[in-house]
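Biologist: I've got the sequence and the model open side by side. Can you walk me through them, one question at a time?

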Amino acid sequence: MGISILSFTVGLTLIKPLNALLLGESNARNLGVSVKNSRILIIIITGLLAGTSTAIVGPIAFLGLAIPHLCRLWFNTVDHKILYPASLISGTLFMLICDTISQLPYSSAVLPINAITSIIGAPIVIWLLIRKKKMHF
Amino acid sequence: MKLENLHIGYDNFTVVRNLNLEFKLGSLHTIVGINGIGKSTLIKTICGELQSIEGSVSIEGEFIENISFKELAKHISVVHTSREENKFLSVYELVQMGRYPYLNWIGKLTENDKQIIDQALALFEITEFKNQKCFELSDGQYQKVLIARAFAQDTPYIILDEPSTHLDLYHKINLFKILSNLAHNYNKCIILSTHEIERAIELSDQMLVLLKDEPYFDTPQNLIDKEVFQRIFPSEMVNFNPHSKSFVLKDIHP
């Protein structure tokens, strides 16, 4: 838990280089961003965040893949200053909704939560892949 | 910006030899030459992306290798035409990125930054599009946005790699006018590579002509007098006419 909060905080410092990288590598370098260092840091932080959350709650399918892309569409922006907290909050919300569905009241059966996230997440990912071809995201 | 005894190229393969020249503030410099002669290599070298083989590039007396990325971003801004930018950025977001070298870790804009961005938007007449996404713009408008980004970076040197590709004649001339305005009225040093040799002859203060054997750096009129332009292209197809200052096709179907 501690590690995950720590890497989230370090992740905040990546917002600026991530935004600069939207312009492509050479432009980012020209804006004073060290592309190599940022990339290494991005990989480490992503790894730590994914690793710790899997360790705490177990593997959840499709959530991490679908939510950031959905946020880009909902908020109609590619600015990481908005996307970073947005993904965090909508990911949590989405997970809570899925959890509610999996343990519906007035029924003793508990569905596996992966089934619910996949039912919603998989079509979104497929739709994104088809869209990507048309709109070069 | 001074280039001294500069040899550029990749690994053991030297593309251009013996560059000795100085790019001055307040003037428009163009780099011309046939495809593959080393224009892009030179641009990469002077913006610090590529190491030179021999010799040095220095800005205000300091060697470019000794300046950190962060400091360099306050001296030189570069406009690439690679189109690797994310087109989902809005015009305002793209232009504000020019302020990045001056911002804190989270990238918060101060009043001063906002003023400079507004000035850049107004100067390039793109204020009305500022909330549009870049993929909605035409090539001409998009090119202006990229240059506005470089202007917002507020650097004395602006380097552009073939900015006139993808543009029609009107927008090409307009682009050169904008750049010459930047150089003369804002005291910037503009360096661009281009294939628009005739436009460059009319509008630039100094030209660097890259030829196979040696580079020439001078004012356009002196270069015409030295008959340098005749040697840019193989002479069996195009010829340079020094009186009309333009290239003429030879009759290729006799």
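Predicted model: local features only at pLDDT ≥ 70, side-chain atom pairs only at ≥ 80, totals over all residues.

Biologist: Over how many bridges do strand β11 and strand β12 of chain B pair?

Modeller: Residues are numbered from 1 along each chain as its sequence is written, while chains are lettered from A and ligands numbered from 1 in the order in which they are written. Helices (H or I, at least four residues) and strands (E, at least two) are DSSP runs, numbered from the N terminus, and two strands pair if DSSP finds at least two bridges between them. For β11 (residues 238-241) and β12 (residues 246-249) of chain B, the pairing is antiparallel and the count is four bridges.

Biologist: Which residue in the hairpin of β11(B) and β12(B) takes a positive phi?

Modeller: Asn239(B) has Val248(B) as its bridge partner in β12(B). The hairpin has four residues between the strands. The positive phi, near 55 degrees, belongs to Lys245(B).

Biologist: Is strand β9 of chain B enclosed or open?

Modeller: A residue is buried if 20 or more other C-beta atoms lie within 10 Å of its own, exposed if 12 or fewer, and partly exposed in between, with C-beta atoms placed from the backbone. Gln206(B), Leu208(B) and Leu210(B) point one way from β9(B), Met207(B) and Val209(B) point the other way, and all are buried. That makes five of the five residues of β9 (residues 206-210) of chain B, so the strand is largely enclosed.

Biologist: Which strand runs parallel to β9(B)?

Modeller: Let's go through its pairings. β9(B) and β10 (residues 215-218) of chain B run antiparallel over four bridges, with Leu210(B) opposite Pro215(B) and a hairpin of four residues joining the two strands. Another pairing puts Ile31(B) with Leu208(B) as its bridge partner in β9(B). The parallel one, joined to β9(B) by four bridges, is strand β3 (residues 28-32) of chain B.

Biologist: Which strands stand at the edges of the open sheet of four strands in chain B?

Modeller: The order is β2-β1-β4-β5 (chain B), with antiparallel pairing. β1 (residues 2-10) of chain B pairs with β2(B) over six bridges, and Gly9(B) has Thr14(B) as its bridge partner in β2(B). Two strands have a single partner each, so one side of each is left without a neighbour in the sheet: β2 (13-22) and β5 (62-63) of chain B.

Biologist: Which helix packs on that sheet?

Modeller: The helix touches β1, β2 and β4 (54-59) of chain B. Its direction makes about 120 degrees with that of β1(B); axes are lines fitted to C-alpha atoms, for helices over the stretch in contact, and angles run from 0 to 180 degrees between N-to-C directions. It's helix α1 (residues 39-46) of chain B.

Biologist: How far apart are the centres of domain 1 and domain 2 of chain B?

Modeller: The bounds come from an automatic or database domain assignment: domain 1 is 1-75 + 156-254 and domain 2 is 85-154. Two residues are in contact if their C-beta atoms, placed from the backbone, lie within 7 Å, and here 11 residues of domain 1 of chain B contact eight of domain 2 of chain B. Taken over C-alpha atoms, the centres are separated by 26 Å.

Biologist: Now chain A. Which of its elements give two or more residues to the side that touches chain B?

Modeller: Chain A has seven helices and zero strands. There, 18 residues of chain A are in contact with 21 residues of chain B. The elements giving two or more residues to that side of chain A are α2 (15-21) and α3 (25-30).

Biologist: And how does Leu12(A) count, by its C-beta neighbours?

Modeller: Leu12(A) is found in helix α1 (residues 2-12) of chain A. It has 15 C-beta neighbours inside 10 Å, so Leu12(A) counts as partly exposed.
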